[in-house]
Amino acid sequence: MTSRRDFLATVGAAALAGCAPAAVPPLPPGELVGPAVDRGHRLREGGFPAPTETRRTRVAIVGGGVSGLAAGWKLGKAGLADFLVLELEDEPGGNSRAGRSATTAYPWGAHYLPLPGPEARAVRELLAELGVLQGDPAAVRPVYDERYLCATPQERLFRDGLWHEGLLPRRGIGAEEREQQRRFQERMEALKGARGRDGRRAFAVPMELSSRDPQWLALDQRSFRQWLADEDFTAPSVHWLANYACRDDYGADYGQTSAWAGLHYFACRHGEAANASGDTVLTAPEGNAWLAAGMARAMGERLLPGSAAWRLAETGRGLAVDCWQPARGRCLRVEAEQVVWAAPAFVLAKAWPAIPPELRTAAGAGDYAPWLVANLHLAGLPEERHGAPLAWDNVFHDSPGLGYVVATHQLIRRRPAGTVFTYYRALHEVSPAEGRRLLLETPRSAWAEGILAELERVHPDIRRLCTRLDVFRNGHAMRRPLPGSLWGPHRRALAGFSHPRLKLAHADLSGFSLFEEAQYRGVVAAEKVLAALGKSFTSSL
């Protein structure tokens, strides 16, 4: 684990010391943004006033991230309009939020969706509803709206001063390493088709549909790095790719990641399209915010942003959720027949005094990755190094950050003069607790200086072109799939929890944060609610 001092050296030591070199231009303006830390910490500290108003509804959904929006989306599709969504932040979307400038929209978090396979029925249903999947959602190879199919080139890798096509470098690689790259790719393709003795795919999306064959579940007991060593993969480029995958999707080093989760990243993507290759992703300038907005579109006043749920209690007729509304300086009580808890599991352990002991343990067992996202507003495209041309996803090989995506890449019919680069960095080098402390204590100027210094290695003129740089910090971005965490007792206790009036829904129930997982958990919870209320519906699962 990297020391705090070594980590800070990658953040922008000159800015931290308050003595940036005179030759360096002043930093562009910007803000330090992200989840409402003060509200989250207020939940931890307690001391709320008594509710001054009570509202009654059939269903209360706590959390307006992807899972909560998916639950409301499913309830609405089934014709149940009497529900409320309580969201701590001032806008819904969770990790799928976005911003907008005069030039383009841009993501603050998740920025793509792989082509959904046949098991991801709810995802396909949503895409068909939004007009992105055209024709039969159950088709093996559907047609997708070309505006959402990632334009080429999709990705490139900066390594040794040169841009390489794809994420596995070919130049400067010896024959033995190229052979290991080929063997690794063949192995991942074989795992895509692998099934357990129960007939299920070894690695499916949603993960709940994966095989329970012990030979596959045993992969959860060791790290992805150990799996590579056990399988005689020694090539540095293969290890780099495996580590990049874990940092990118899980916010964790591959030595800290379950081998099952690491292999799932490569082997779970079974989607096909009639008008694109299977490795194409769906994306938009605003990242995945269009998906969240599509689910939230019909909710209107049933969505209550700025409502932080801090207490859950049983009443004679159902459940009561008390919410702190800081903008109004008061607490609201929502009484409901059914509650969908779509906020992170660790918050439930604090908000529900009567939580069963085994569920409290399971809810508190998660390990959450801290993340940093920055949006750099550029007056024009920066100077390019040699090699592959600018892509949508531009990945760095030897760098603290993962790289950046280009918000205007999809604007094929319109080429604005400026653009926005969205930079991503998982703070995996330090412990999650230390990462959260750094996010709280490090000023925007330090992050901005470090990010610009990192990008200058790739684009020497980026400081001159950068007109604004906003930094988004997320201390609990996603649940990390540590070895033993996916198929052990704690996650299973969350996913299998049963209560007559309370249903759990969050990507935490899957053990890692993907749009498909969060949406699935929300739809599962909504269908349980509909069944409990005696409401007829057609399953989306």
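The model is predicted, so local features are given at pLDDT of at least 70 and side-chain atom pairs at pLDDT 80 or more, while totals for chains, interfaces and linings use all residues. Residues are numbered from 1 along each chain as its sequence is written, and side-chain values use heavy atoms, with hydrogens and water left out.

Helices (H or I, at least four residues) and strands (E, at least two) are DSSP runs, numbered from the N terminus. Strand β3 covers residues 83-87 and is mostly covered, five of its five residues being buried. Here buried means under 20% relative accessible area, exposed means over 50%, and partly exposed lies in between, with a 1.4 Å probe and protein chains only. Phe-83, Val-85 and Glu-87 point one way from β3, Leu-84 and Leu-86 point the other way, and all are buried.

Two strands are said to pair if DSSP finds at least two bridges between them. Strand β2 (residues 53-62) pairs with β3 in the parallel sense over four bridges, and Ile-61 stands opposite Val-85 of β3. Strand β12 (residues 303-305) also pairs with β3 in the parallel sense, over three bridges; in β12, Pro-305 is the bridge partner of Glu-87. Together with helix α3 (residues 66-77), β2 and β3 make a right-handed β-α-β unit. A crossover is right-handed if, with the strands pointing away from the viewer, the path from the first strand over the helix to the second runs clockwise.

**An open sheet of eight strands**

Eight strands form an open sheet with mixed pairing, in the order β1-β20-β16-β19-β18-β17-β9-β10. β1 (32-33) and β10 (162-165) stand at the edges with a single partner strand each, so one side of each has no neighbour in the sheet. Within this sheet, β16 (residues 368-378) and β19 (residues 419-426) run antiparallel and are joined by eight bridges. Leu-372 stands opposite Arg-425 in β19.

**Salt bridges**

A salt bridge is a side-chain nitrogen of Lys or Arg within 4 Å of a carboxyl oxygen of Asp or Glu. By this rule the count comes to 35 salt bridges. Three of them are tabulated with the relative accessible area of each partner.

| Salt bridge | N to O distance | Arg | Asp |
|---|---|---|---|
| Arg-147 and Asp-145 | 2.7 Å | Arg-147: 55%, exposed | Asp-145: 9%, buried |
| Arg-222 and Asp-230 | 2.6 Å | Arg-222: 27%, partly exposed | Asp-230: 38%, partly exposed |
| Arg-464 and Asp-461 | 3.4 Å | Arg-464: 62%, exposed | Asp-461: 14%, buried |

**Lys-503**

Lys-503 lies in strand β21 (residues 502-504). This residue is buried yet has no salt bridge, and the nearest side chain of opposite charge, Glu-337, is 10 Å away. For charge, Lys and Arg count as positive and Asp and Glu as negative; His and the chain ends are not counted.

The side chain of Lys-503 does make a polar contact with the side chain of Gln-338, at 2.8 Å. A polar contact is a pair of N or O atoms within 3.5 Å; within protein, one must be able to donate a hydrogen and the other to accept it, and residues adjacent in sequence count only if both atoms are side-chain atoms. Leaving aside neighbours within four places in sequence, Lys-503 is in contact (heavy atoms within 4.5 Å) with Gln-338, Val-339, Val-340, Trp-341, Ala-525, Lys-528 and Val-529.
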